Amino acid sequence: MPFINPIAQHVCPYCFSKIKLADCDIVSSISGAVLEPVPTKTITKLLRLFTKLLRLIYVRSLTGSKYTKELAARRCPKCQELLPNNIEYMENFIIGMVGDTASGKSHYIAALINALEQGEALNGVKCIGFIPKGDTQVRYENEYYGPLFVDKTVITATALKGDEYKYRPLIFEMVFAATNNSDRKKYVNLVLFDAGGEDMKDPKGMAILTRYILKASGLIFLVDPMSIQGVVREPSALPQPNVVRASSSFSLLYQVIDMCRMEKGIKPGDKIKTPIVIAVSKSDLLNNVTGSIGMQPSFTSEPSYRDGFHLQDYDTTNDEVQEVLRRFNESAILKTSEAFENVSFSAFSATGMSPDQFNRFSSVKPCRCVDPLLWLLWKLNIIEAKASE
Ligand SMILES: Nc1nc2c(ncn2[C@@H]2O[C@H](COP(=O)(O)OP(=O)(O)OP(=O)(O)O)[C@@H](O)[C@H]2O)c(=O)[nH]1
Ligand SMILES: [Mg+2]
Ligand SMILES: [Zn+2]
């Protein structure tokens, strides 16, 4: 039976509280019944003292058929969510999608996870295990994969449903093989949050409903090309998109910076350490406009990830995207992003094309969706990058 460190603190991926596993009830995921409660006031003082001491040296492992047949899980004492059953030996990496309404967050999640499940990119970075936890796969298939890749229709705008009061992440267990530079395997839960742009556009929404942005290990900030005024005004911006924005994305970025500083106690002028990728979404819409300024960017073609994450290729696209933002009068985003210590620029297309008038795609051809995630994993020291040859 594996030893579980009883004094280690773990971060709940749902409410972000720091918890000790000894303080969690063990619950059946099937019936919801409490299988082993944390001792409460109902038991005698002496017994309570004894169990308290025991919990300081021993935490039960949830292995064996007794727990498997109940799909046993620990329950967070703060938010009552059932924790992933691997929480004792995994580190949680919360990756938050940020972007205005209709900037492309949900289609991106659909294409990103599909690309990860295909395996080539993960094999390349020596990820030897990728497993969705709990209800993640069912939710992914119903809300993302099914609509986009099977029905080839637009995914509906994200919003909390009737009785929901918080966004729940998709959680994937990732195991990385030992390498020359690190002789131990790495165990990581990739915790991916998607939320409605409406719930992050003002400080109140971000403080309560999209709080994950302030707790994230890494951020992917989406910039819709249709929020770049220089692109929208370009006559060659075809096909003309159905959403043209009145304002640029950098006001949302200002808010992220302001609230991250408040949350983490960072003085103005000091940099925020959370790595962030500023990613231009819907890069297929840029095909014509980049041509009009004589650019043939490599960010509109899919690279091979077979033998790993190529830093040189990423750096090329990083420069290209910054050039596009400069040339189309969106330098404010470049300037604003200087508030972050680790920032890079990327571009991807989740679908390869805009939907038709019936909200359908004739085919779905994602491009460069894994780039932002691989860069974050590299910055977080989870994967290694291939330096230039
Ligand atoms: N051309 C093009 N359109 C895209 C792409 N990705 C998304 N779209 C379109 O952009 C619109 C919004 O995409 P969503 O993924 O729903 O945007 P979102 O950021 O999740 O929006 P909210 O959930 O409302 O915050 C949809 O009509 C998509 O069809 C893309 O890669 N290329
Ligand atoms: Mg959405
Ligand atoms: Zn919790």
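**Burial, loops and contacts**

Student: Why is K152 called partly exposed?
Tutor: In this predicted model, K152 has 15 other C-beta atoms within 10 Å. A residue is buried at 20 or more and exposed at 12 or fewer, so K152, with 15, is partly exposed.

Student: Where is K152 placed?
Tutor: K152 sits in the loop that runs between α5 (136-150) and β8 (170-176). Its phi is near 55°, a positive value in a residue that is not glycine.

Student: What makes K282 count as buried?
Tutor: K282 has 26 C-beta neighbours inside 10 Å. The cut-off for buried is 20 or more, therefore K282 counts as buried.

Student: Where does K282 lie, and what is its phi?
Tutor: K282 belongs to the loop between β11 (276-280) and α10 (287-292). The phi of K282 is about 50°, which is positive although K282 is not a glycine.

Student: How do you know whether W378 is buried, exposed or partly exposed?
Tutor: Around W378 there are 18 other C-beta atoms within 10 Å. Since buried takes 20 or more and exposed takes 12 or fewer, W378 is partly exposed. W378 is part of helix α13 (residues 370-379).

Student: Which residues is W378 in contact with, leaving aside neighbours within four places in sequence?
Tutor: They are F309, I383 and A385. F309 is 69 residues from W378 along the chain, and their C-alpha atoms are separated by 8.6 Å.

Student: Which residues come nearest to ligand 1?
Tutor: K105, S106, A157, T158 and G197 do, out of 24 residues around ligand 1. By class, that shell has 13 polar, eight nonpolar and three charged residues.

Definitions and conventions
Residues numbered from 1 in each chain as written. Chains lettered and ligands numbered in written order. Predicted model: local features only at pLDDT ≥ 70, side-chain atom pairs only at ≥ 80, totals over all residues. Helix = DSSP H or I, 4+ residues; strand = E, 2+ residues; numbered from the N terminus. Contact = placed C-beta atoms within 7 Å. Near = placed C-beta within 6 Å. Nonpolar A, V, L, I, M, F, W, Y, C, P; charged D, E, K, R; others polar.
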